[in-house]
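Here are my notes on the model, point by point. Please read them with the structure open.

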There are 2 protein chains.
Amino acid sequence: MTEHILAANPTHSVWDRSLAPRLRIAPGDEVQIECVDASGAQVRPGMTVNEFLTIDRTRVHALTGPIWIEGAEPGDVLEIDVLSTRHSGWGWSSVIEGLGFLKDRFRDPYLFHWNLDGESTSSLAPAVVPLRPFLGVMGVARAEDGSFRTRPPGPFGGNLDVRELCAGSCLYLPVYNPGALFSCGDGHAAQGDGEVCINGIECPLDVTLRFHLHKRQPIAGPIIESSLSAAPDSPPDSWVIVETGSDLTAAARAATGRMIDLLAGRWGFSEVHAYILCSVAMRLRLSQVVNEPIHTISAAIAKQILPDRQLFPAHAH
Amino acid sequence: MTEHILAANPTHSVWDRSLAPRLRIAPGDEVQIECVDASGAQVRPGMTVNEFLTIDRTRVHALTGPIWIEGAEPGDVLEIDVLSTRHSGWGWSSVIEGLGFLKDRFRDPYLFHWNLDGESTSSLAPAVVPLRPFLGVMGVARAEDGSFRTRPPGPFGGNLDVRELCAGSCLYLPVYNPGALFSCGDGHAAQGDGEVCINGIECPLDVTLRFHLHKRQPIAGPIIESSLSAAPDSPPDSWVIVETGSDLTAAARAATGRMIDLLAGRWGFSEVHAYILCSVAMRLRLSQVVNEPIHTISAAIAKQILPDRQLFPAHAH
């Protein structure tokens, strides 16, 4: 196992499988990855809303990568273990005209600065917000040729904005290209389901990730094995199916279907028993509803409900 | 304060403000309410799926009530404190052709019997499902004249199927008619978000409820003050806005808007700060997606994030 360091710059702001890798690693390796905030370090502490309106939006999400994982091929699964996260004590949230879930009600631009300290922040008095830092964007290069802006997520991951992806959790992504070509960014010190105003607590967030490869294990989209017991006010450790789509109902239905497939495939439930188990014990959440035109739905089953299983037989490295 | 007992029968299976009250109580009173299961005691332990297919579906949800609360008038809020719940050790879940979130995938009828014992059930091996008994249906008579079947919920409550409504929690409902005319039923020993197969763990569930009245406090729809710390695998105690509608996105947007109004109105946040707080800390869930044509969305903020507040100044009784 080798430990690598990858600085943020030069960042990139598109998914494009022709981008040259900035780092090559072997499965099992760990990488300390520096991630600037989603604005690409254009937003700074003390910035005014008028200054904020002038930033170059084409640089969002300012991702770090791509990372080439040796031996990764289409049809494999890339496992990303989030080992640790480090914010820098400051973050921001904004309201931007034309964006956000309530864009018709909130039209005036606004910029809020957060002081981050310890396990929660009280800078939005009288609220005390628990911090659960995670990367809004972790993904592999898309299957298609071309250059795609990063706002919509997809089966490749990307701008999932799923709040479970904190330190301790593990993300499984399908691989679509040789080397997988992993990139990440969009640090959030905290984020609600929905991310309704368009932002979490946006912040620079350095992370340490460990990568594993599972050969020839096709999956239809992202799966998370969450482990947040250390974080305050946390949901239980869970298996989480992540589904993306433009229609909320269809995405929720697809997530439920994939959870049934997982329960039947890995735990041996009959399909109808898996369906009933989902009906009495699954959580179903709108993880983000603002990355137009694509929403993220999460379907989760608490791990304590099921016998321990490794999702894939063993790390192949 | 008086303690009352209300037996289940005769049950009713419509919302109709012309139904005669079966009990009259004063605000502050407690009522032990017997609720048969949603089938109206037609489903029995050991019943086969073929027998299940012959039950009279017009009797679902077999509600207990109505209860007349003295002094309740349109524009008031009825507070329902769930003091305790008692299941009888048995429950059922079914698959019914033409119903359920995955009705195209699951067409064959199925009936599953649950053995309920202690705080969890292992009767769906190898799963161990935590029990969190609650009533799927609690509501007041609708504002309109007429007789309405009970499947779709609404601002009056009804078939909300929100899993937070366990013992310890409190439901606030708008009052539309003199006396409020409260009814309840549809016991669930456990239910996931979505209730995707059409059932939770359906069961007879006797409950003790306490009723309070808040005069001239109009609210747009149900609000829950949840307190589940005693239950296993629980979400944090929360303020929960419950919204119903046929379009998931519109209902989620309305729930978010009502949460912002609550935060601004009761905690003094500016509207934009309330919007940002929702964006970084709110949970947004699909509580049920099967009570066609109306879905239930829940938007929740953990109580620990906010200073203590009484939602309404004081109990007026």
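1. Burial terms come first. Buried means under 20% relative accessible area, exposed means over 50%, and partly exposed lies in between, with a 1.4 Å probe and protein chains only. By that rule D161(B) is buried, with a relative accessible area of 1%. D161(B) has a positive phi of about 55°, although it is not a glycine. D161(B) sits in the loop between β13 (157-158) and β14 (170-174) of chain B. Strands here are DSSP runs of E with at least two residues, helices are runs of H or I with at least four, and both are numbered from the N terminus.

2. Ground rules. This is a predicted model, where local features need pLDDT of at least 70, side-chain atom pairs count only at pLDDT 80 or more, and totals for chains, interfaces and linings use all residues. Residues are numbered from 1 along each chain as its sequence is written, chains are lettered from A and ligands numbered from 1 in the order in which they are written, and side-chain values use heavy atoms, with hydrogens and water left out.

3. How are the copies related? A rotation of 180° with 0.0 Å of shift along its axis puts chain B on chain A, with an RMSD of 0.0 Å. The two copies are thus related as by a two-fold rotation axis. In chain B, the C-alpha nearest the axis belongs to R285(B), at 2.1 Å. The superposition is by least squares on C-alpha atoms of residues with pLDDT of at least 70 in both copies.

4. The interface. Of the interface residues of chain B, 100% are also interface residues in chain A, so the copies meet through the same surface. Contact means heavy atoms within 4.5 Å.

5. Helix α3 in both chains. In chain A, α3 (residues 271-281) is mostly covered, with ten of its eleven residues buried. Among them are H273(A), Y275(A), L277(A) and C278(A). These buried residues pack against α2 (248-267), β19 (283-288) and β20 (295-302) of chain A, together with β7 (90-95), β8 (110-115) and β10 (129-130) of chain B. In chain B, ten of the eleven α3(B) residues are buried. The cover there includes β7, β8 and β10 of chain A, together with α2, β19 and β20 of chain B.

6. The core. A nonpolar core is a set of buried Ala, Val, Leu, Ile, Met, Phe, Trp, Tyr and Cys residues joined through side-chain atoms within 4.5 Å. The largest one has 210 residues, of which F182(A), F211(A), L277(A), F182(B), F211(B) and L277(B) touch the most other members. Leaving aside neighbours within four places in sequence, F211(B) is in contact with residues including I25(B), V31(B), I67(B), L78(B) and F182(B).

7. A cavity is a set of points on a 1 Å grid over the protein atoms alone where a 1.4 Å probe fits but cannot get out, and lining residues have an atom within 4 Å of a point. The structure holds six cavities of 30 Å³ or more. The elements giving two or more residues to the lining are β10 of chain A and α3 of chain B.

8. S238(B). This residue is in strand β18 (residues 238-245) of chain B. S238(B) is buried, at 0% relative accessible area. Its side chain makes a polar contact with the side chain of R283(B), at 3.1 Å. A polar contact is a pair of N or O atoms within 3.5 Å; within protein, one must be able to donate a hydrogen and the other to accept it, and residues adjacent in sequence count only if both atoms are side-chain atoms.

9. Backbone points to check. Most residues other than glycine have a negative phi, and most peptide bonds are trans. R216(B) has a positive phi of about 50° and is not a glycine. R216(B) lies in the loop between β16 (205-214) and β17 (223-225) of chain B, and counts as exposed at 64% relative accessibility. The peptide bond from N9(A) to P10(A) is cis, with omega near 0°. The bond from E292(B) to P293(B) is cis too, with omega near 5°; P293(B) is in the loop between β19 and β20 of chain B.

Notes:
1 Å grid on protein atoms, 1.4 Å probe; cavity = no way out; pocket = protein on both sides within 12 Å on 5 of 7 lines; lining within 4 Å. Points joined across faces, edges and corners; volume = space filled by probe spheres on them.
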